[in-house]
Structure formats: C-alpha cells, structure tokens
Amino acid sequence: MGSLFTPLLLPLFCLCLTLISPTHSTDCSSLKLPGGKKQYSNCTHLPTLNATLHFTYNATNSSLSIAFSAPPAKSGGWIAWAVNPTATGMAGSQALLAFKNNGSMVVKTYNISSYSSIVEGKLSFDVWDLEAEAGSDGKMVLYGSLKVEESAEKLNQVWQVGPGIADGHPMKHEFDKANLGSVGELQLVEKLTPSSPSPSPQIANANSGYGLRVTQLNVGFWILGLIYFIVFM
C-alpha cells in the first residue's frame, strides 16, 4: 500500500489541509495607512473608486474620526469625503477635500449646495484635526474629525476624486458609473433587534463564514479518515 502514497495520498492530504484552514475575512491590518501614525476602530473597502475608509465613532462626545484614502483621478488631482446631513446624494454634502498645493498637502472644506455650486467655506458641523498626506502607492489620505448628531447611528456619506485644481478651485470630476455611484450609508452603531431570537451555536448560516468553516472541517476529517483507511487497513 506504500506505493499509493505519492499518486493518491499526497493530493488528498493537501486538499485536506486546504479545507481545514480557516477562511479569513478582510480586517484593518490589510488596509494599512501610510506611516501608520493613526489607529482606528473600523475600516472598510468602499465600493467604488478604489477607496477605503478608516473610522472611529466616539458616542461619548458624538464625534467621528476618519481617514479616507483613494487615488486621485490624475496626478495633481484631488480626493474628497463628505457627509450629507439632509439627503443621500452629492447635492447638500458637507465635504472635506484634499489636494497638493505648492508641494504640500492641504485640506479644505466645501459646502456643496448643488451640482453647479461648490463653495469653499465653513461646514454645517464642526471639524478639526484636518490634514492629508500622499502615499508612495499613488493614493492620498485625508484625515479629520467631525461632530455628529447626538445618538446618531448612521450617516449618509459621499466620496469622490477629481483630475486637478484650477485657479485654486477643484476641477469637475468625471460622471462615469463609478463616480455617480460613490454614495452610501455609514453605519456608526450596529444595532441588534430585541425581538430577534439568539442564533443556535449548533446551526450555522450556510452563507456565513462560520458555516463554511464547519463544512470544511467535516469534509477535511472525512478525507483524513480515508487516508488512514488506505494506509493502515
């Protein structure tokens, strides 16, 4: 039976190890910021424009600290992250916009009252600790903290990138599908439904990573049993 090990058992053993290995989801360690000078509680891949968002929500003082990262549309371009207090689109957004000015990264605030009116000025909420940096990977990172409504559980966020700055003003961004789809909801607090029954630890959701790992372990142990039978029986 020893002659069976090379052609048969080795592939089965490798397959077994593959199935037993746990599946790892994306965490903040895979979305490192340049320099790593700031730490955040949460991070996420935004669905468009190759953008990411790190954030920490402090319910005690109703503040949100963020680090938004994205590559500008072109060299010398800009990136922006915004909150829309009244709607879900760009119009009405209160934006933080970062770009390079005379060799240094700067952050400015813009009140976007409409798609044709982008006015630099004070936002409808307080912001502080604004700064930005350019990474070696071509991305820019925008840092800032802002005041949110007390007991807020979610925000309407908007993010965008543009091609450049002209006469001190950001040039219009493209209107491609990715640009138009750069809006979403930022969940600050994960809220459990009181009436929802507690999930049984013995029954895993087939769509969850836990359920997948349980299935993988069952198959892996079955293959180990088959290997034992071939070698020793």
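Which side chain meets Lys154 in a salt bridge? In this predicted model, the partner is Glu185, with an N to O distance of 3.4 Å. The pair links distant parts of the chain, since Lys154 belongs to strand 10 (residues 154-162) and Glu185 to strand 13 (residues 183-187), 31 residues apart.

**Salt bridges**
- Glu131 and Lys38 meet through their side chains at 3.1 Å, N to O; Glu131 lies in strand 8 and Lys38 in the loop between helix 1 (5-20) and strand 1 (42-45), so the pair ties together parts that are 93 residues apart in sequence.
- Lys122 and Asp126 form a salt bridge at 3.9 Å, N to O, in which Lys122 is exposed, with a relative accessible area of 67%, whereas Asp126 is partly exposed, at 46%.

**A buried lysine without a salt bridge**
- Lys139, in the loop between strand 8 (127-134) and strand 9 (140-147), is buried yet has no salt bridge, and the nearest side chain of opposite charge, Asp137, is 5.2 Å away.
- The Lys139 side chain does reach the backbone oxygen of Asn50, at 3.4 Å, and, leaving aside neighbours within four places in sequence, the contacts of Lys139 include Ser69, Ala70, Pro71 and Glu133.

**Nonpolar surface**
- Tyr115, Phe175 and Leu180 make a nonpolar surface patch of about 360 Å², and Tyr115 is found in the loop between strand 6 (104-114) and strand 7 (117-120).

Technical notes: Residues are numbered from 1 along each chain as its sequence is written. This is a predicted model: local features need pLDDT of at least 70, side-chain atom pairs count only at pLDDT 80 or more; totals for chains, interfaces and linings use all residues. Side-chain values use heavy atoms; hydrogens and water are left out. Patches are made of residues with over 30% relative accessible area and no salt bridge: like charges are joined within 9 Å, nonpolar side chains (Val, Leu, Ile, Met, Phe, Trp, Tyr) within 5 Å. Accessible areas come from the Shrake-Rupley method with a 1.4 Å probe; for residues, only the protein chains shown count as cover. A salt bridge is a side-chain nitrogen of Lys or Arg within 4 Å of a carboxyl oxygen of Asp or Glu. Helices (H or I, at least four residues) and strands (E, at least two) are DSSP runs, numbered from the N terminus. Buried means under 20% relative accessible area, exposed over 50%, partly exposed in between (1.4 Å probe, protein chains only). Lys and Arg count as positive and Asp and Glu as negative; His and the chain ends are not counted. A polar contact is a pair of N or O atoms within 3.5 Å; within protein, one must be able to donate a hydrogen and the other to accept it, and residues adjacent in sequence count only if both atoms are side-chain atoms. Contact means heavy atoms within 4.5 Å.
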